[in-house]
Amino acid sequence: MAAAPQQQAAAPGLTLERAKVVLAEVIKAFGVPENALRMEEARENACNDMGKMLQLVLPVATQIQQEVIKSYGFTNDGEGGCAQLPGHRNTGAGGGHSALP
């Protein structure tokens, strides 16, 4: 029998309600003129090429998101965005997740 998967620790005080607040702040950050300009420039430089989108647009989007979530206890190490909500567990490989209430 396989061992139960390890669960990652959630950011301090992360509840479903707090996660919604964080998400709303991230979405709002994309509307800030400076960030919108950064995203538009990255999209234009990518020339609608999927590979270039991953190279140019995704890092800018990630940077904008990280600027917001770090103030909520997430880290910038790539793992911080993977905090778990109560009642949500990662079942390991294959991306199987339990449904949120």
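Colleague: How do the axes of α1 and α3 lie, that is, within what distance do they come and at what angle do they cross?

Modeller: Please keep in mind that this is a predicted model. As a general idea, two packed helices are described by the angle between their axes and by the distance between those axes. In this structure the axes of α1 and α3 cross at roughly 130 degrees and come within 9 Å. Since angles over 145 degrees would count as roughly antiparallel and 65 to 115 as roughly perpendicular, α1 and α3 are therefore oblique to each other. The crossing in which α1 passes α3 is right-handed.

Colleague: Which residues of α1 and α3 meet?

Modeller: From α1 come V22, E25, V26, A29 and F30, and they meet A61, I64, Q65, V68 and I69 of α3. By kind, the residues of this contact between α1 and α3 divide into eight nonpolar, one polar and one charged.

Colleague: At what angle do α2 and α3 pack, and how far apart are their axes?

Modeller: The angle between α2 and α3 is about 170 degrees, and their axes are 8 Å apart. Because an angle over 145 degrees counts as roughly antiparallel, that is how α2 and α3 are described in relation to each other. Their crossing is left-handed. On the side of α2 the contact is made by N35, R38, M39, A42, R43, N45 and A46, while α3 brings K52, M53, L56, V57, V60, A61, Q63, I64 and E67. The residues of this contact of α2 with α3 divide into nine nonpolar, three polar and four charged.

Colleague: Is K52 buried, partly exposed or exposed, and what is its relative accessible area?

Modeller: K52, which lies in helix α3, has a relative accessible area of 38%. That value falls between the limits of 20% for buried and 50% for exposed, so K52 is partly exposed. Leaving aside neighbours within four places in sequence, K52 is in contact with N45, A46 and V57. K52 and A42 are ten residues apart in sequence, and from C-alpha to C-alpha they are 9.1 Å apart in space.

Colleague: Which residues of the largest nonpolar core touch the most other members?

Modeller: They are V22, M39 and F74, in a core of 15 residues. The elements that give two or more residues to this core are α1 (16–31), α2 (33–46) and α3 (50–69). The largest share, six residues, comes from α3.

Notes:
Residues numbered from 1 in each chain as written. Predicted model: local features only at pLDDT ≥ 70, side-chain atom pairs only at ≥ 80, totals over all residues. Heavy atoms only, no water. Core = buried A, V, L, I, M, F, W, Y, C linked by side-chain atoms within 4.5 Å. Buried < 20%, exposed > 50% of the residue type's maximum accessible area, 1.4 Å probe, protein only. Helix = DSSP H or I, 4+ residues; strand = E, 2+ residues; numbered from the N terminus. Axes fitted to C-alpha atoms, helices over the stretch in contact; angles between N-to-C directions. Parallel < 35°, antiparallel > 145°, perpendicular 65-115°, else oblique. Left-handed = near helix turned anticlockwise from the far one by under 90°. Contact = heavy atoms within 4.5 Å. Nonpolar A, V, L, I, M, F, W, Y, C, P; charged D, E, K, R; others polar.
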